[in-house]
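Let's look at how the chains of this model sit against one another. Have the sequence and the 3D view ready, and follow along chain by chain.

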Amino acid sequence: MDGFVSLWNMLPEGLQTLIWILVKIVVIVLPLILAVAYLTYAERKIIGYMQIRIGPNRVGPRGWLQPIADTVKAMFKEVVVPTHANRYLFLTAPLLAFAPALAAWAVVPFDEGLVLADINAGLLYILAMTSLGVYGVLIAGWASNSKYALLGSMRVAAQIVAYEIAMGFALVGVLMAAGSLNLSEIVHAQSGGPGQWFAWPLIGLFAVYFISGVAETNRAPFDVAEGESEIVAGFHVEYSGMAFAIFFLAEYANMILISVLTSIMFLGGWLSPFEGTLLESWFAWVPGIVWLGLKTAFFLLLYLWFRATFPRYRYDQIMRLGWKVLIPVTIVWIFGEGIAIALGWQPWLSGGA
Amino acid sequence: MSFSLSSLIPLLPEILLAAMACLVLVVDAFLSDERRAWSWFLSQASLVVALIVLWRVAGEGSLLAFDGQFVLDRLAGLLKAGVLVLALVAFSYSRPWLQERGVFRGEYFVLGLFAVLGMMILISAGSLLVLYLGLELMSLSLYAMVAFMRNDGRASEAAMKYFVLGAIASGMLLYGMSILYGVTGSLDLMEINRILLRAGQVDTAVLFAMAFIIAAIAFKLGAVPFHMWIPDVYQGSPTAVTLFIGSAPKLAAFAMVVRLLVEGLDTAQHQWRDMLMVLVVLSLLVGNLAAIAQTNIKRMLGYSTVSHIGFLLLGFVAGTGAGLAASLFYTLIYAIMALAAFGLIMALSRKGFESEELADFRGLNDRSPWLAGLMLLVMFSMAGVPLTAGFYAKLVVIEAIVEVDLVWLAVFAVVMSVIGAFYYLRVVKLMYFDKPIDEPVPARPVDVEVLLGGNALLVLLLGLMPGLLMTLCRQAVL
Amino acid sequence: MITFNQFVFYLFSAIMVISALRMITVRNPVHAVLHLVLTFFTAAVLWVQLGAEFLGIVLVLVYVGAVMVLFLFVVMMLDINIARMREGFVRFLPVGLVVALIMLGEMLVVLTGRVFRLAPPPMPPAGYSNTEALAGVLYTGYVYPFEIAAFVLLVAIIAAIALTLRRRPGTLHQDPAEQIRVRARDRLRIVKMDAEKRS
């Protein structure tokens, strides 16, 4: 052990920082990928039960090893590059989709002080990172040299740009209520019991944020980018094997990210839901990350539930919903919130003070 | 930093106008085509209200707001009032024209109001940033107005040229401004002047910045060699828009020159006078000579604008207070004349016959002696025939230039205006001595009739009694 | 020995310079746009490193996340013929270079030396958030230009809509509400007729 420490101290300072950062990243990314794997399993099971089927049950007990089997299968499949496709971009695209989905996790606080980078402009950073994911999809569609893929990516581009605005405005409401862009401080601003969570005073923005989140991740009922009934599989028609798997990973990682962020921003993140009640001391032993996990799981369930329930929107309906419903709602809400803060309506909105 | 609502009082006209423009925008969206006149009426009402409020707000001396980013001095008051009145008249002239062509839409008035707002902001600008933003607000609205008859290929082409060249000019202006900011470290025009004064001699970097700023000014004004867009835009735009562009924005451009050169770069006066002199000589030469060759009256008036800009800048070349006052007087008179000229062209046109070729004016006297008489007045005034306002305006400018011993420039200007008289008088000759064309003069609404008559007669009146306006101008530049 | 900060700086500067160069030299317009995106992104990283995190992130958010996406969108849709655009390139290159060199020389002559008197800004104190600082300035001292800028944007919106919105007469579209509201008796007329007599 001592040898290890001295070896560590011998390293130049820059290298030490680098290694430290890498270790932290691995600590976040590995569980994330595992979560993604079992999210796919959960999806198939839950939707299966909703449709009175059983879902995967062959690999391992109750199908628990199914995600592993899928991974192995994806890894050993050939990655087919279509003729006249832009090879370089074709292979870069999945990475461009995946990287921002991971990068956003850097500022997510899992528990009190448990965060990789506690930066001041965390909220903005999240917005910036989620807005980058669209490049992967766009480039995939273009580089595939396929009409369906191009159509799919065009749809995504318009859709994401439209919903990003609503999403950004919803976050402006959170920022005003919390008085900070730092995610940990946003959680702190909601402490003092579930009544203090921003979900109540900002319920309109809460709904808008989650709906836009679903649209941003191209999940049902906003999944026109894939639209298998019209354009086969949209932007990833031409992808196979690992390249496809990475798109898949990115999509599910984004779903989890949106769910975590919704929990942090509107449902008090790692705070216990029993704060300020008699039960608080009974559940004091539960670590905050578990509460966060439960809240996140709830939103993930919503995702799956949507998929099993709603028919897909038509493209013009998506645009109308985004521009003519969600954005006006957020603007009006922010306006009202601004007045509330200026007049000092204290119970919830402490941001201005 | 303390803030009280009363500090916003000097801005009241602008705030009102902005609010009203938004109101017109919203109201217009819910109006049916038959009730579209309400947009027009509301726009006119907002201009009138803004004018009245301006009258109440503007007082003696200069009012500042936002740490001097907003200045309401006498110059600003006079120019803003001018802009509001010109816009009011322009809107009145264009209403029948737009209605007849089925393009009587709210956007024209909304964009017009925003352009007026931009001009007012520009006129009152006390810092580089505000000046630039005001200019952009005005220009952006004007580009859109030029393009708004989008099925007209020529208008689209004109809008494109206007937009691209305008963007280049804005770029130049920004470039010059950023160097100026780099040198002085301030955006406030007064502060910049103070810093440069303290520095003593004029730095090369300041000259460098000034060259860019003057190029941008020349672009916006349309002085040679940056005049290329003027004839195309004047000819290509719908006449209702040409009318608007040809009048009020000149006042704003005048304010821009005063704010940037006279207030901000006063220390480099000697240098900018030399630069402007080149522009003046070229503008007078090219504007007047090229106008002779035109067959389209809108294009001809475009080139005549270029030469008028030359005269307008003469006052700045003189560099004295009297020169500035003369320049201001010239600008106001020019805007009034341009308004009347384009108003008359519009009054003679109907759907399918734009009356914009010179040949369309043949024998106007036989068809409508009244309109021919008004046109005669305007053309005489533009040419600088004695007893008209145009003559007096030219006279004071040349007086100012002679006073600073630039006799050669004065002689040159006189020679050029004599050459220029040729093409104005050609219009008169066409109207009075040629065989009439077979084209009835359309009827006009009462308000247009009254305003047109008043406008053209004002040209005569101001020529006979220039004293009051001249006094106002002198007070404004002091 | 360079520090970690310096290493990051040099790494990203190198990427930025290379991608900026590539942006103007690649043949494919889509690649050019992507290189531009990369340039923006690395520039943002450098800003963040300088402590201007707000500007850096907003650069990514606005330019990379929105403007360039739309730009890429347009470039992908257009079929740009590069060969034709390049035809004049070689012919005009020398002229362009000469002009550029002259301008560069002039600028160097004028702008070198101690012209810009701004002292380097002091290092910010600890706990300083430039997001807050910017907001503080923007909404107090510069609120007037800020509001004017808002109006400029409003005019841009109006202009864009006025110039592009077309109501085409005679287009066919469905209105589901109308379709559902339809009753049989609105469309169907039952006519009583006497039975024909057999002749």
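Chain A and chain B do not touch, and their nearest C-alpha atoms are 15 Å apart. Here, two residues count as in contact if their C-beta atoms, placed from the backbone, lie within 7 Å. Keep in mind that this is a predicted model, where local features need pLDDT of at least 70, side-chain atom pairs count only at pLDDT 80 or more, and totals for chains, interfaces and linings use all residues. Residues are numbered from 1 along each chain as its sequence is written, while chains are lettered from A and ligands numbered from 1 in the order in which they are written.

So which pair has the most contacts among the 2 pairs of chains that touch? That's chains B and C. In that pair, 32 residues of chain B meet 20 residues of chain C. On chain B's side, α5(B) gives the most, with 10 residues. Helices are DSSP runs of H or I with at least four residues, numbered from the N terminus.

Now for the other pair: 21 residues from chain A and 21 residues from chain C make up the contact. On chain A's side, the largest share is 6 residues, from α5(A).

Conventions: Helix = DSSP H or I, 4+ residues; strand = E, 2+ residues; numbered from the N terminus.
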